Structures are given as C-alpha cells and as structure tokens.
2 protein chains.
Amino acid sequence: MAETYQRIVLASRPRGAVTADNFRLESVPVPALEEGQVLIRNHYLSLDPYMRGRMSAAKSYASSQQLDATMIGGTVGEVVASRHRSWQPGDQVNGMLGWAEMGVSDGAGLRKLDTARIPLPAFLGAVGMPGMAAWYGLNRIMQARAGETVVVSAASGAVGSVAGQLARLRGCRVVGIAGGEEKCDYVVKALGFDACIDYKAGRLEADLADATPDGVDAIFENVGGACLDAALARTNAFARVALCGLIAGYGGAAVPINNARLLLINRLTISGFIITEHMDCWPQGLRELGALVADGRITYRESVTEGLASAPEAFMGLLQGRNFGKQLVKLI
Amino acid sequence: MAETYQRIVLASRPRGAVTADNFRLESVPVPALEEGQVLIRNHYLSLDPYMRGRMSAAKSYASSQQLDATMIGGTVGEVVASRHRSWQPGDQVNGMLGWAEMGVSDGAGLRKLDTARIPLPAFLGAVGMPGMAAWYGLNRIMQARAGETVVVSAASGAVGSVAGQLARLRGCRVVGIAGGEEKCDYVVKALGFDACIDYKAGRLEADLADATPDGVDAIFENVGGACLDAALARTNAFARVALCGLIAGYGGAAVPINNARLLLINRLTISGFIITEHMDCWPQGLRELGALVADGRITYRESVTEGLASAPEAFMGLLQGRNFGKQLVKLI
C-alpha cells in the first residue's frame, strides 16, 4: 500500500472570486488505523457550490472550513483496510472524506453502497446529496401538484436536473433556466423539461413569461438575483419557493430580491434549507431516487475531471457555470 | 330618516403619493330596502394601509377599487331598518360598508357585535381585522415560543401592537420598531414590549442589535425595506417571518430585500399573507382577542378624526405614519 496520499487544503480565504492560490496540494502519510477506524480509498470527489460558503470566514450556515485542513467534500470509494467490525475491505462507501485520495473514518456518516444497478458516482449526484436537495425542496417545501407550473434555475446542474425531472414525473409543467443553448437543449431533450430559458440570451423575463402562460406555482431556486426576480414576477397566488442556493452571489455579488413586493401581493412562501439538516428524510428520498435512477426514469449528466490536482480548476469552473451536469473529480 | 347620506368615492388613481384629489365627497339618496336587505348607519370607519393597494390599477392581491365607487373599508354601526329576518333595528354590526355614512347589506359578511365588555370601535382594531392579522401571523406563521425573541415593525400600529402583546403573553422577548420617541415610549410603557427602536433616530441596525442580544427568532413585518433588512440581519437559524404589510413601499418606493442571502444562510421562511383569506381562523382568533381585550390584557390606542370628510386627510397621514394607534373616522 502507498505510504503517502495527496490532499488539497484551504491555503487562504478568497477575496471575491476563488483563485488557484486559495488551495494547496500536499502529500501526507497514510495514517496507521486505530481500533474502530477504516481506511478508504476515494474513487470520486464531489464538487458542489456550498463549498464556496465554507471557504469564507463570514458567518454561514455551517462552520467555516479551517485553513490548512483538507477541503470539505463528499466522496465515494472503497474500504481498503478496516479495524471496524461493520466495515470490510472491498465495501463501497459514500462519506465526507474531502478533497483527498484517501481518508480515515470511524464510520460516522459513512453509507454502504450497492452498485448493482446504480453506478458509483451517481451516489454523489442524483442518489446523493444533490438528489436529496431536489427531493426535499420539491416534496417538503414546494409540494408541487400535477398541473402546476414549476420553474427550476440551474436546470442542467446536479440539483436542478433532478428537481425538474421529479416535478415532471408528478405531472407538473416544468420550465428550466440555464446558461447557454447547449445546456437548454439538454434540459428539454434529455431531461424532458417542457421548456428551458437561456439566461445568457438576455431576454430572461420575456422568455420566461412566454414559457409560463399559466403563471408559476412553485420555484426551485439555485441561483438567486435576476433569476429569482424573473421567476417571482410570474408567480400565481400562494406560490412556494424552495431556496436551495444563491450561486449568483457566491462570488460576493449582491443578490437582493427586488420583487419582494410580490411576496405579499401573491402571498408567497420562501423557505431556505440545507439538506444535511433533514437527515430524517434521506432514507425515503434515497430509496425513491435510487429506484428512479436504476429504472432510467431519472437521467443525469456528469462533468468529470481526472486526478485530485484538477479539483481547484474544476471547482472554479463550477462557480462560473462552466460545468455541464454534476461536477466530479475522478481519483482512481 | 335622512333622505341622503354622504360617501367618498375614488375620483382618480394616485401617481405615487395619495393626494386629496384622488377622493370625492358625494351626497347620495338613501336607497329603499328590498326584501332580504338591511340599512346600516355607520358609527366608525376603519382606515387601513391595505386600501392604498386597492387604489391602484396595478395587480394586487385583490381586485382594484373601481373609480367612482365608494371607497372600500371596514365599518361598525347599527342596523336602522331591516327587511332581513336575521337582523333587527338596533343590532350593532361590523361590515365592509366603505367610506360612507350609511350602507345597505344583504347580510353577507355582516357580523353581530356584543359591546357589553368591548367598545364598538375595538371591533375595527384589536378584535377585528387588524387583531386577526396579528393573531394569524403569530400563531400560524411565526409560531413563536416562550423564550424566543420576536421583532415587530410598526409596533404602535393597529396590527403591530396586538402582535407584540400576543407574543409577550406567550413569554417571548418582544422588540418593536416604531417612528419617533413618543411611539416608542408607548410601545414599551403601555404595551409592555421589552424594547422599541426608533427608526427615525438613524441607528436602526445598531439599536436593533443592542436590543436583541440573543438574535431574532421571528419577525412580524408590516413595513419592509430597511426595517425588514435590519431584522433579517439579526436572525437566528430557522427564524420565521410573517409578512403582513410593506407600508414602506405603498407610495411606490422600491422595497427590495437586500439581505436575501440570509434567507439561505439562516434557513429562514418568509410567508406573505392576507388575513381575509383565512376566515376559518376568525372564530377562534376573535374569541381569544375579545377575551384578552375585555380583560384588559391587550390594550390599544386609537387616532380618531371626526366626520366622513376627514377621512382622506387621515388616510394620507396613516400612510406617512402620522397616526398613533388604530386610525378611525367617527361618523356619528
């Protein structure tokens, strides 16, 4: 077995946009296992927008990422050594082992995976945290019903793509918002959304109005700013907004809700949520998502870069929307 | 009986601020009653911020007030003639008869009042629509619990004063926001709030921070704009915002939520509501409010002007915060 492995730590906190300087690649020794521990070799690392919040010292919903510590992140991989009676070498597992080729766990938060019908990296996407965020927002906040119109921003992304497909499966009219013609084509043709608006085309409000002739009953919001305002402008009475992300503001830009007046006029409800605080929903949600992915009723797309050293660049691309689908780093 | 009565109609729609020109005082004949109708002499007319929205042609939560029709408004008064078997002359009633000395009703929406322990005009305030708005926001949206900190804007007003007192009664720390020292003194000394911030003093954010050392768990929002942003800045995780009004924007000013980022970071829920859409709650709410007012556990203050002709000026004052407590027009 290797005596060292590579990891990426937070070298400095970003001022505005994230830069390569904020990260540092290190070689560290593979630790000796203590009783009750398992050693895991990570096969895929998940890159997600929430990581941007953790990089700042400013108050966020979770404690900040420590400087000089391994960057936080979800991983899937394989147990390579175990001194824990619940885990055996060869077990495929999902955990939060961070931006690293290997990691040690005491089993807390580790999930055993069955890859018979679901590919390993899908447990970082549609059958993992992003899928659960979609499931929770749709089922617990938006409570979208057949015949209603649903808007999903960042529609080609890991969360938005699942949110929209789940809404379609329950009979909603689903309109996505994404950046660029290629992504919009994919959202409509591959994911089956009824329409998708290219926000980069510069006619967001008018295009969204055209695509939502009966107004909007529920919004799955990943972006904020102009995207959210445009969707709010189309709301019907009692529309619900699941606020999952504000990626438009992660670089420091202001993301005001200028259409706040509509919250009152249309009696809207907006709820911000963090999916890791609703673990009670995960067993049911993951069971449903797993079945839908295994049956091909939910499809997804991945942007995969190779090697741990590619993670910072891929992460910066994700924050700028350069990825297309779930952003992963393949480690092995 | 008089052969004519006076009413005020909407003469023109305001452009920005409401002006006296937007109203017209008229004398109209007292109509002959048809079978199933009652004639009511109004004793008090209620003036409320929501009327501003109705004066505009723009989309609002209710249909616009028609031009040349009697201005909408809640009233309390007495049945003076009846051809309806449920109503007798002398009955004291609450209805929506508008800015008028008299009115005809078929009984729909008419409520019989018992003034043995509650003064007649209180049914337009703490035991009427404003009280119910406070009750609903607190009980159904904010769900404030003992020990939590609650912020109430327009704290000396008809709605805010009741919202704050209800929150105090259930053991919350209650911090008001009001305009001017006199109102703030009243909110603390007469209404029993723990603190009240004078937004006109120009230190809203700092003063609110000082008054909420444990953060804010729930907000009853009547104003919007800077008031709401300041309260949001103090929120704890999972705080709830009942959005009842946006009076800061009723003259046309923008009322963005600049602290929208906190909706996600603190996993907030904001719900806009219109109390007349929740009539199922009124029997319980009015029973509770009536008992609290009769027992003196909820107090209130009224600004009363005399005569129907005083209504436009009083209404313009209300929109500018010149009233102090529930704004009424005494008609008889």
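## Charged and polar contacts between the chains

In this predicted model, the rule finds two salt bridges across the interface of chain A and chain B. One of the places where oppositely charged side chains meet in a salt bridge joins Arg267(B) to Glu277(A), with a nitrogen-to-oxygen distance of 2.3 Å. Across the interface of chain A and chain B the rule also finds twelve residue pairs in polar contact, both residues of each pair being at pLDDT 80 or more.

On the side of chain A that touches chain B, the elements that give two or more residues are strand 12 (235-243), helix 7 (261-265) and strand 13 (269-272) of chain A. The residues of that side of chain A divide into 19 nonpolar, ten polar and four charged.

## Extent of the chain interface

The contact between the chains takes 33 residues from chain A and 33 residues from chain B. Chain A and chain B bury about 2,600 Å² between them, and carbon and sulfur atoms give 59% of that area. Within chain A, the residues that lose the most area to chain B are Arg261(A), Leu264(A) and Arg267(A), which together account for 26% of what that side buries.

## Strand pairing across the chains

Strand 13 of chain A, which is among the elements that contribute to the side touching chain B, pairs with strand 13 (residues 269-272) of chain B in the antiparallel sense, over three bridges. Within this pairing, Thr269(A) has Ser271(B), in strand 13 of chain B, as its bridge partner.

## Domains within chain A

Chain A is divided into domain 1, which takes in residues 4-125 and 301-330, and domain 2, which takes in residues 129-276. Taken over C-alpha atoms, the centres of domain 1 of chain A and domain 2 of chain A are separated by 28 Å.

Where the two domains meet, 17 residues of domain 1 of chain A are in contact with twelve residues of domain 2 of chain A. Together, domain 1 and domain 2 of chain A bury about 1,300 Å², with 62% of it on carbon and sulfur atoms. Across this interface between the domains of chain A the rule finds zero salt bridges, whereas five residue pairs, both at pLDDT 80 or more, are found in polar contact. On the side of domain 1 of chain A that touches domain 2 of chain A, helix 1 (50-55) and helix 9 (311-319) of chain A are the elements that give two or more residues, and the residues of that side divide into eight nonpolar, five polar and four charged.

Technical notes. Residues numbered from 1 in each chain as written. Chains lettered and ligands numbered in written order. Predicted model: local features only at pLDDT ≥ 70, side-chain atom pairs only at ≥ 80, totals over all residues. Heavy atoms only, no water. Domains from an automatic or database assignment. Contact = heavy atoms within 4.5 Å. Buried area = accessible area lost by both parts, 1.4 Å probe. Salt bridge = Lys/Arg side-chain N within 4 Å of Asp/Glu carboxyl O. Polar contact = N/O pair within 3.5 Å; in protein donor to acceptor, adjacent residues only side chain to side chain. Helix = DSSP H or I, 4+ residues; strand = E, 2+ residues; numbered from the N terminus. Nonpolar A, V, L, I, M, F, W, Y, C, P; charged D, E, K, R; others polar. Pairing = 2+ DSSP bridges.
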